[in-house]
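Me: I'd like to learn how to read a few features of a protein model. Could you walk me through them, one at a time?

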Amino acid sequence: MNSLKMWMAVWTGICVAVFLACHPGKSRLEEALEAAGENRSELEQVLDHYRGDSLKSLAAQFLIENMPCHYAYAGKELEKYRRYFERFPPCAWRGPEFVRDSLLEVDGAFCPDSLYKVYDIHVIKSDYLIRNIDQAFEVWHGQPWGRHVDFADFLEFILPYRMGTETLSDWRQEVYDRYNPMLDSIRASADSTDVLAVAQALMDSLSVGTVYFTGLFPSGITVGPDLVEWRSGNCRELTDLVTYVFRALGIPGGCDKMLMRGDKNVAHYWNFVVDGEDSTYFASIGQSSKQFAKAETYWDPKGKVYRETFSLNRAMRDACGRDTTDVPPVFREPLMQDVTAAYAGKINRFLRIPADSLALVPHAGETVYLCLATRGTWVPVGYGRFEGDTVRIDNVQGDVVFRLVVCRKGHLVSLGVPFLLEKYTGAVRFFRAGEERQKAVLLQKFKEDFQAHMVGGVFEASDHPDFRCPDTLFAIKGRPPRLRNVVCLPDKGEARRYVRYYGPPTRHCNVSELAFYVSAADTAALCGRIVSPPDVAEGRIVNQFGNVFDGDPYTSMDYREPSGGWVGMDFGRPMHIGKLVYMPRNRDNFIRTGDRYELFYATAAGWESLGEQTAESDSLVYKVPRGALLYLRDHTRGSDDRIFEMVDGRQKLW
């Protein structure tokens, strides 16, 4: 099947080349050559070099035709940017905050505005391009699994010489020599022609070394192939790391992404691989999902998913229109394919919104953009068209809150109130604020992932330092709802000398603060000596047991092993415990006493304020319209906040 597809692609390319040669309009190749200006001769040398080789000639044309969209950032600030990722591995024991702060002190703040673009079409050399093409073909034809990689996938996911906006460099041979030996065993096995098996074997090898993950560094610029050595950065950089290795070894894979996550305020990236049957599998070296799994099993709320490509998606660009002032930047020269259907599977939706559900009706045939929320604004992640009396947007996954907009004179104009697309039913629920107001007790402004890390944890008391035969004081059965969680124990039980919090299995025992009291009425916590698992040294980053009793809810411990972690107190003598207080590890997204907050609710036009408050405890109380979508902003500190609704008296964050 793949052989047939390959020759069909070759034949199609030849037919297109013949057609364009006879067509009075300029071909894409000619347009690219004209755009090269003084560098045209370098590109023509490449075309002349492969004139007798149909496949390599098509590959060269593919690269040159799409080259006008590709560029590298340059400038003095670029080295300042790269130093973050280079310095992180040797300083990882001190934490990414140390790396960030020390570089800020030495180099000053990174200023991306001082960088400039250097377009490939103007500077790329013939010998560089020829070397890249020859090496790509060698690895495609030379590896056993290459016979199951069709020509179209080869062009997009193996042939390209760059990932994004990194400085051009010769990286293929070095990466190939370094990682090709890792596949010697599978190359000699029965799985040698199985693309997915080979990709998994390589991912297993890549996962053995330490990965230095952080989201604290500057972002937005591709770091380059040095990531293969540095192994540091956020999901974007770690995805590029794997892609460089896959591309160098002839594995058809790359980067899939969400322009904006459906439940957080950031984009997200991960690796994909396409097997011999054109099925998509995903994995991430920087997260727990290192085993390739079918795309439709990917759990995150997505809305829309795209696959990065070297080629310009001209159909997507033309569908959004050529007037750049009325097209969001991400859709002006899109180097991506929509692969939402592969990830949504059976719950892929074709969104249809009738005009009578909108506050503003678009013009006939006008492009409508599907947006996701981030920090009080809305970001386009998809597009469709208003036809007849209906907005039509294809391939959407639900369990995500959207807003529809049009782009007019460079501004996003809302068409109505936000809505939820139900994941399994496909039903649309609009957040229309009612006249009736309800009491809302607000406990956080953004989802705290570490809340779930305490579910299943237990508080135990014992007369023995090793906690043999302990008494269970309290078991955490649900996500802690707030920063400060108070548990009054109706039965104090026997007086015990030792008390501890024992974390649930596989959760690394995360906790920020603990306090123990003799009675529910006491305000002064018991004092004692901190106790922890025997033979566990105080770690430089994790196992900081002292943080649990330092009175600061924004420091915490994170046990170095997934299971078996605990921390507690030796009172020196048996004590009754009538009350305990615990705080989950957090990123300072609970309500913080003394901070100034403002609550908004969504209208058809935007956000309407419900007033500002200064928090006097770890909660805020407002009167909010029933049915409204809400958004809480902390004006004092931080940048993470998230849309939510009130359900049964509690915040449901989206």
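Reply: Happy to! We start with accessibility: a residue is called buried under 20% relative accessible area, exposed over 50%, and partly exposed in between. Keep in mind that this is a predicted model.

Me: Is aspartate 48 buried, exposed or partly exposed?

Reply: Its relative accessibility is 46%, so aspartate 48 counts as partly exposed. Arginine 51 has a relative accessible area of 60% and is therefore exposed.

Me: How far apart are the closest N and O atoms of aspartate 48 and arginine 51?

Reply: They are 2.5 Å apart, and the two residues form a salt bridge. The rule asks for a side-chain nitrogen of Lys or Arg within 4 Å of a carboxyl oxygen of Asp or Glu. By that rule the model has 41 salt bridges.

Me: Arginine 261 and aspartate 263 form a salt bridge too. Are these two residues buried or exposed?

Reply: With 10% relative accessibility, arginine 261 counts as buried, and at 12% aspartate 263 is buried as well. The closest N and O atoms of this pair are 3.1 Å apart.

Me: Which residues are linked in a network of salt bridges?

Reply: Arg236, Asp240, Lys257 and Glu308 are linked in that way.

Me: Let's turn to helices. How do I read which side of a helix faces inwards?

Reply: An α-helix has 3.6 residues a turn, so residues three or four places apart point the same way. Now look at helix H3, residues 40-49, where the buried residues are Glu42, Leu43, Val46 and Leu47. These residues cover an arc of only 140° around the axis, so they lie on the same side of H3.

Me: What do the buried residues of H3 pack against?

Reply: Their partners are helix H2 (28-36), helix H4 (54-66), helix H7 (120-123) and H8. In H8 itself, the buried residues include Tyr128, Leu129, Ile133, Phe137 and Trp140.

Me: What span should helix H8 have, given 1.5 Å a residue?

Reply: The 17 residues of H8, 126-142, should span 24 Å, and the end C-alpha atoms are 24 Å apart, which agrees.

Me: And sheets? What should I look for there?

Reply: Strands of a sheet pair through backbone hydrogen bonds, either parallel or antiparallel.

Me: How many bridges join S20 and S21?

Reply: Strand S20, residues 458-462, pairs with S21 over four bridges in the antiparallel sense. Glutamate 460 stands opposite threonine 472 in S21. Glutamate 460 also forms a salt bridge with arginine 500, with the closest N and O atoms 2.9 Å apart. Arginine 500 lies in strand S23 (residues 496-502) and glutamate 460 in strand S20, so the pair ties together parts that are 40 residues apart in sequence. Both arginine 500 and glutamate 460 are buried.

Me: Which strands make up the open sheet of three strands?

Reply: The order is S22-S29-S25, and the pairing is antiparallel. Strand S22 (485-488) and strand S25 (513-517) are at the edges, each with a single partner strand, so one side of each is left without a neighbour in the sheet. From one strand to the next, the twist averages 15°. S22 and strand S29 (residues 579-583) pair over four bridges, and valine 487 has leucine 580 in S29 as its bridge partner.

Methods:
Residues are numbered from 1 along each chain as its sequence is written. This is a predicted model: local features need pLDDT of at least 70, side-chain atom pairs count only at pLDDT 80 or more; totals for chains, interfaces and linings use all residues. Side-chain values use heavy atoms; hydrogens and water are left out. Two strands pair if DSSP finds at least two bridges between them. Helices (H or I, at least four residues) and strands (E, at least two) are DSSP runs, numbered from the N terminus. The expected span of a helix is 1.5 Å times one less than its number of residues. Buried means under 20% relative accessible area, exposed over 50%, partly exposed in between (1.4 Å probe, protein chains only). The arc is that of the directions from the helix axis to the C-beta atoms. Contact means heavy atoms within 4.5 Å. Axes are lines fitted to C-alpha atoms, for helices over the stretch in contact, and angles run from 0 to 180 degrees between N-to-C directions.
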